[in-house]
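Good morning, everyone, and thank you for making the time.

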Amino acid sequence: MIELTPVLNTKSEKPIYIQLTNYIKKEIIAGSIQPKEKLPSKRKLSQHLGISLNTIQASYDQLCAEGYVRSIQRKGYFVTDLDNSIFLSHNHPHPQQINNRKVESTNIKVDFNVGRVDLEKFPYTLWRKLTIQSLYEDQGELFNFGHPQGELSLREVIVKHLFASRGVRCSADQVVIGAGTQQLISQLCTIIGINHVFAFENPGFNGTMAVIKNQINKTAAIPVDEDGINMNALRQSGASVIYVTPSHQFPLGMVMPISRRIDLLKWAHENKGYIIEDDYDGEFRYKGKPIPSLQGLDKYDNVIYFGSFSKSLIPSIRISYMILPPHLIERYEEYFSIYKQAASRLHQDTLFRFMKEGYWDSHLNKMRTIYRKKQHTLITSITNDFGNQVNIIGEKSGLHIILEVSNEMVEEELVTSALEVGVKVYPLSTYYDESTKHEESKVILGYGGLSEAEIIEGIRLLKTAWGL
């Protein structure tokens, strides 16, 4: 049971139950209180805080009304499963705070969440079988600490896969496995040095932006154009390190052409700098031929390649990897050889077997077909229901699109009106650097975790919400 310790001011004009409600909401949004976690019983919290049961009841009722908490009869009060990424924007207020409109999370019918994948198609039975094999054949060895860079067997199959699919050239000794991209980015900042100027795409992945800003003394937000990172702005920024998503720019979706890739590699060589290439969903491309990775084109060891299994398998597996140039591996060993590997050895070994025995390629082929169909359904529904009143951006690859809406609503109104009909869409402004003024009427729609029927229903509801 969690323990709540708010500071309540009895002399404040704000009622105690409102103070308690606001405190619990902040803790939920910050992630200190996790989704599905049970709140203390009213009686226990009343005794702990020294306030009346009626005050606790009023606070819990308010939390339920706003959708942060749900009451289950005879069991208690539980935190709802919110997507906190919608609260992270510096210039986008919580939709429930706009015009005092309140929407219960339990009424959400369709959630166009960018981070979700199709979990129904995950090979549960096969994964369980391979996990049991790992435990049985290993005889407990996996319960000990592993290599700091991750299991050698997994690193070797990753190397083979990347060479065949993305043209990445490296050895297993250059691969570092970690529990998610953010953890590895944090390590990389230490390896390269915090006094370098680190640049990132604007807009870009806010999770990576946050890590870089927390670690690095000076950063630069670089705008993107139709071909990706703006090279003139990059050259003028004074940066020596740049984080990019060239295979599918997040979130706008453009694919960096070969000419821009060569220009970026030239910049890195001339400035003795580094390119961090995040290929977060490079497996899912629907139009055109694959373009070689920057790492595969690099002749001077200036590219650090990142990959993840979150989109192509399941997010919770928490296995990502980075491929360091040989001279940076030496720095990695200097700084991190004493660190323990954070990713589960059991999951690593299961994933190794999954890839080695050919199940990985089969799974990718199946998911490409499934996501291609979902995307076709989404584009068709938007075209049929919205016509020329919207503009679709970034539909060539990945598991999300950007929708630019021409109905005179600003971003906040688009998000809020969608919530009122039971649909969650997400503000694009979340992914812009805080120094950027963002006034466009664009929202982001992820479709990986939705069925085709849910996609059709979601677009139908949005047509009503947006008056199109």
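Predicted model: local features only at pLDDT ≥ 70, side-chain atom pairs only at ≥ 80, totals over all residues.

Let me begin with helix α3, residues 53-66, whose 14 residues should span 20 Å at 1.5 Å a residue, and since its end C-alpha atoms are 20 Å apart, the two agree; the expected span here is 1.5 Å times one less than the number of residues.

Residues are numbered from 1 along each chain as its sequence is written, and side-chain values use heavy atoms, with hydrogens and water left out.

Back to α3: which of its residues are buried? They are Thr-55, Ile-56, Ser-59, Tyr-60, Gln-62, Leu-63, Cys-64 and Glu-66, where buried means under 20% relative accessible area, exposed over 50% and partly exposed in between, with a 1.4 Å probe and protein chains only. These buried residues pack against α1 (16-30), α2 (42-49), β1 (69-72) and β2 (76-79), and just after the helix Gly-67 takes a positive phi of about 90°.

On helix α1 sits Lys-25, which is buried, its relative accessible area being 14%. If we leave aside neighbours within four places in sequence, Lys-25 is in contact, meaning heavy atoms within 4.5 Å, with Leu-63, Glu-66 and Tyr-68.

Now for a pair of helices, α6 (residues 181-192) and α7 (residues 206-215), which pack at an angle of about 30° with their axes 9 Å apart; axes are lines fitted to C-alpha atoms, for helices over the stretch in contact, and angles run from 0 to 180 degrees between N-to-C directions. That makes α6 roughly parallel to α7, because angles under 35 degrees count as roughly parallel, over 145 as roughly antiparallel, 65 to 115 as roughly perpendicular and the rest as oblique. Where they meet, α6 brings Gln-182, Ile-185, Ser-186 and Cys-189, and α7 brings Gly-207, Thr-208, Val-211, Ile-212 and Gln-215.

Finally, α5 (residues 152-166) and α12 (residues 345-356) pack at about 40°, their axes 9 Å apart, and are therefore oblique to each other.

Note on methods:
Helix = DSSP H or I, 4+ residues; strand = E, 2+ residues; numbered from the N terminus.
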